[in-house]
Amino acid sequence: MITRYEDGVHTDKLSTRFLLPGEQPDDWKKVLADSVTDPEVLLNILNLPDTLLPGAIRSDKSFRMRIPRPFIDRMTRGDQHDPLLRQVLPLGEESEEVSGFSLDPLAEQSQNPTEGIIHKYQGRLLLIISGACAINCRFCFRRHFPYEDNRLGGDNWMQAIDYIRSQDSIHEVILSGGDPLAATDSRLARMVEALSDIPHVKTLRIHTRLPIVIPQRVTKEMLHWFCGGRLKPVMVIHCNHANEIDEQVEQALKKLRQAGAIVLNQTVLLKGINDDSGSLADLSHALFNAGVLPYYLHLLDRVQGAAHFDVNEERAKVLVNELMQKCPGYLVPRLVREVAGEASKTPIPVN
Ligand code: SF4
């Protein structure tokens, strides 16, 4: 049996950190709990050289590696440049300090009026449902965010509901994280029921990577609380490469569409992963085939530890122009960047 490394403790058991006391894991939770968190185990599974291990261990200490096995199954054995692997394998480069890359690139830590809320867009508000993610992406702009102080645990979600009720300009609530779908269906159903009782809230949006990395997360219960009520359901998934969409993912995304959700995708432009127009075109076609429209192509948020993923703005514009030659307009995502303090994403003109 493989020895796993969970939160600093070696264990041969499945982790139960995502379960409430007495709760039985269903399929997606079992898969989540069985994620690979030890770089050495990952290198063994993928037949990769030990020379990658010292850097991986060093960077794992500042931002823990976590990869669900269905995502690993889509990687090519023996290829250390695999585009899925490169998104999640800790590398020695992450510990290099690079000028212009900071711990909180979007200054979010000064924009939460009450615990669990980020209110920086007009008419919309983010609720941080869960500090946990199913997968830890090495380029994540929130890799240093103090989730423990800013998620809706215990009673503080009622304070968040009271805040939303008091702000009648808010018509859309965005469940974010971490990954909001790392929370249980029963907890999310209660939250959505409370939001549905606030008349000025019309739309429920979820930003999630879970249907991509663990497609079993699209459960019947989820489709019920997300698509079966008064609020218009919008899901923005996060997928960076066509290889992330296998048959199971495609089926999960189709279920969401059939239940009535609008499903969009956002991609981060990442050096060595999708920074060529062929890869971006393949991704757009794979998404469309699964009923998903490409929405945003983000420039990297300049977070410390992710500088080796950076693609500069001029190169990004060239790529989008090439993509326009290869795809119909509805498959070309909007190139944007987030600017700290701005009320919305900043579009980047490409012509
Ligand atoms: S799933 Fe999203 S929030 Fe979680 S680590 Fe990846 S990019 Fe960050």
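Predicted model: local features only at pLDDT ≥ 70, side-chain atom pairs only at ≥ 80, totals over all residues.

How do the residues of the shell around the ligand divide into nonpolar, polar and charged? I found 4 nonpolar, 3 polar and 1 charged, where Ala, Val, Leu, Ile, Met, Phe, Trp, Tyr, Cys and Pro count as nonpolar, Asp, Glu, Lys and Arg as charged, and the others, Gly among them, as polar.

Residues are numbered from 1 along each chain as its sequence is written, and side-chain values use heavy atoms, leaving out hydrogens and water.

Next I listed the ligand's surroundings: Cys133, Ile135, Asn136, Cys137, Cys140, Gly178, Arg209 and His238, each with a heavy atom within 4 Å of the ligand.

Then I turned to Phe71, which sits in helix α4 (residues 69–72); helices are DSSP runs of H or I, at least four residues, and strands are runs of E, at least two, numbered from the N terminus. Phe71 is buried at 0% relative accessible area (buried is under 20%, with a 1.4 Å probe and protein chains only). Beyond residues up to four places away in sequence, Phe71 touches Leu84, Val88, Ile135, Arg209, Val213 and Glu244, contact being heavy atoms within 4.5 Å. I was pleased to see Ile135 and Arg209 among the ligand's neighbours too. From Phe71 to Ile212 I noted 141 residues in sequence and 8.1 Å in space, C-alpha to C-alpha.

Notes: Buried < 20%, exposed > 50% of the residue type's maximum accessible area, 1.4 Å probe, protein only.
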